[in-house]
Amino acid sequence: MVAKKSAKPKADREGKKVRKKTRKETYATYIMKILRQVHPNFGISKKSMLIMNSFVEDTFDRIASEAGRLCKYNKKDTLSAREVQTAVRLVLPGELAKHAVSEGTKAVTKFTGGAK
């Protein structure tokens, strides 16, 4: 049997404990990729990026909650693309829902390897 190393906290030069920086997951990189596609020479401020990140998180949460509710109503245990598509149609308004559904369908087709 191999002996385990004792986990000692790392210390800097003065002997103080070093705290590992906590990671915050954001959609910033994806927002920047879309901004570069739409307006290649535009930038975005930190505050605006925080607002956009909150918007994306909120929209994701609304769609996920609605899709979960649809599964519950239909007595299904699995959340499929169909429930997500219906949730998008219910949560997003008009033309935005149509574009989101078409983009989602395109993404699922690409992922599953359809249309070779």
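**Figure 1. Salt bridge between Lys76 and Glu83 in the predicted model.** Glu83 is buried, at 5% relative accessibility (buried means under 20% relative accessible area, exposed over 50% and partly exposed in between, with a 1.4 Å probe and protein chains only). Its partner in the salt bridge is Lys76, and the closest N and O atoms of the two are 3.8 Å apart (a salt bridge is a side-chain nitrogen of Lys or Arg within 4 Å of a carboxyl oxygen of Asp or Glu). Lys76 is partly exposed, its relative accessible area being 42%. The structure contains four salt bridges. This is a predicted model, in which local features need pLDDT of at least 70 and side-chain atom pairs count only at pLDDT 80 or more, whereas totals for chains, interfaces and linings use all residues. Residues are numbered from 1 along each chain as its sequence is written, and side-chain values use heavy atoms, with hydrogens and water left out.

**Figure 2. Salt bridge between Glu66 and Arg69 in helix α2.** An N to O distance of 2.6 Å joins the side chains of Glu66 and Arg69 in a salt bridge. Both residues belong to helix α2 (residues 46-73), and because they are three residues apart, about one helical turn separates them (helices are DSSP runs of H or I with at least four residues, strands are runs of E with at least two, and both are numbered from the N terminus). Glu66 is buried, with 17% relative accessibility, while Arg69 is partly exposed at a relative accessible area of 36%.

**Figure 3. Salt bridge between Glu103 and Lys106 in helix α4.** The side chains of Glu103 and Lys106 form a salt bridge of 3.5 Å, N to O. Within helix α4 the two residues are three residues apart, about one turn of the helix. Glu103 is partly exposed, at 47% relative accessibility, and Lys106 is exposed, with a relative accessible area of 52%.

**Figure 4. Packing of helix α3 against helix α4.** Helix α3 (residues 81-91) and helix α4 (residues 94-112) pack at an angle of about 160°, and their axes lie 9 Å apart (axes are lines fitted to C-alpha atoms, for helices over the stretch in contact, and angles run from 0 to 180 degrees between N-to-C directions). The two helices are therefore roughly antiparallel (angles over 145 degrees count as roughly antiparallel, under 35 as roughly parallel, 65 to 115 as roughly perpendicular and the rest as oblique). Gln85, Val88 and Arg89 of α3 meet Ala97, Ala100, Val101 and Thr105 of α4. By class, this contact has four nonpolar, two polar and one charged residues (Ala, Val, Leu, Ile, Met, Phe, Trp, Tyr, Cys and Pro count as nonpolar, Asp, Glu, Lys and Arg as charged, and the others, Gly among them, as polar).

Figure 5. Val101 is buried, with a relative accessible area of 13%. Leaving aside neighbours within four places in sequence, Val101 is in contact with Gln85, Val88 and Arg89 (contact means heavy atoms within 4.5 Å). The C-alpha atoms of Val101 and Arg89 are separated by 7.6 Å, although the residues stand twelve residues apart along the chain.

**Figure 6. Chain context of the close-up views.** The protein chain has four helices and zero strands, and its elements run α-α-α-α from the N terminus on. Of its 116 residues, 14% are buried. Among contacts in the chain with a separation of 6 or more, 28% come from residues 24 or more positions apart.
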